Amino acid sequence: MSWEILETNLKGVAVDVYSDEWIEEDIVNKTPVIVYKIAKRKGGFTLYMKAPSEDLEWYFSRGLTEIKLGQSRNGRFLHIEHEDGIYWVDMQVNKEVYEFLKEFIEEQNQT
């Protein structure tokens, strides 16, 4: 299976939610990240991110990912969320990244 790779250097925030059935509140971990690479293949894509304490590699599957374009006072961003809401990334977007992930963004907007 062949992968297409896009090298980037975009700021974002990664959120990983851990819930425990013994407590009532979710613990939310927000981490500033730099998305340095995006790899895609037919069934999904992977974001490679540098966080302050570790490198992260998060996989998103076609059909199991919510992806939306948003606007903040800092500019446009992509919100990429795993379907079950356990983890998501809000990252800067530019034309190159939008074009690279266009098939996933458009597929999401058709449903």
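This is a predicted model: local features need pLDDT of at least 70, side-chain atom pairs count only at pLDDT 80 or more; totals for chains, interfaces and linings use all residues.
Residues are numbered from 1 along each chain as its sequence is written. Local features need pLDDT of at least 70 and side-chain atom pairs count only at pLDDT 80 or more, whereas totals for chains, interfaces and linings use all residues; side-chain values use heavy atoms, with hydrogens and water left out.

The chain contains 1 helix and 7 strands, in the order β-β-β-β-β-β-β-α from the N terminus. Helices (H or I, at least four residues) and strands (E, at least two) are DSSP runs, numbered from the N terminus. Of its 111 residues, 38% are buried, where buried means under 20% relative accessible area with a 1.4 Å probe, protein chains only. Contacts are defined by heavy atoms within 4.5 Å. Among contacts between residues at least 6 apart in sequence, 42% join residues at least 24 apart.

Ala-39 belongs to strand E2 (residues 27–41). This residue counts as buried because its relative accessibility is 1%. Beyond its neighbours within four places in sequence, Ala-39 contacts Trp-3, Glu-4, Ile-5, Gly-44, Phe-45, Thr-46 and Tyr-48. Ile-5 is 34 residues from Ala-39 in sequence, yet their C-alpha atoms are 4.5 Å apart.

The lining of the largest pocket includes Lys-11, Ser-72, Arg-76 and Asp-90. A pocket is an open set of points on a 1 Å grid over the protein atoms alone, where a 1.4 Å probe fits, with protein on both sides within 12 Å along at least five of seven lines; lining residues have an atom within 4 Å of a point. Strands E1 (4–18), E6 (75–82) and E7 (87–92) each supply at least two lining residues.

Key
Buried means under 20% relative accessible area, exposed over 50%, partly exposed in between (1.4 Å probe, protein chains only).
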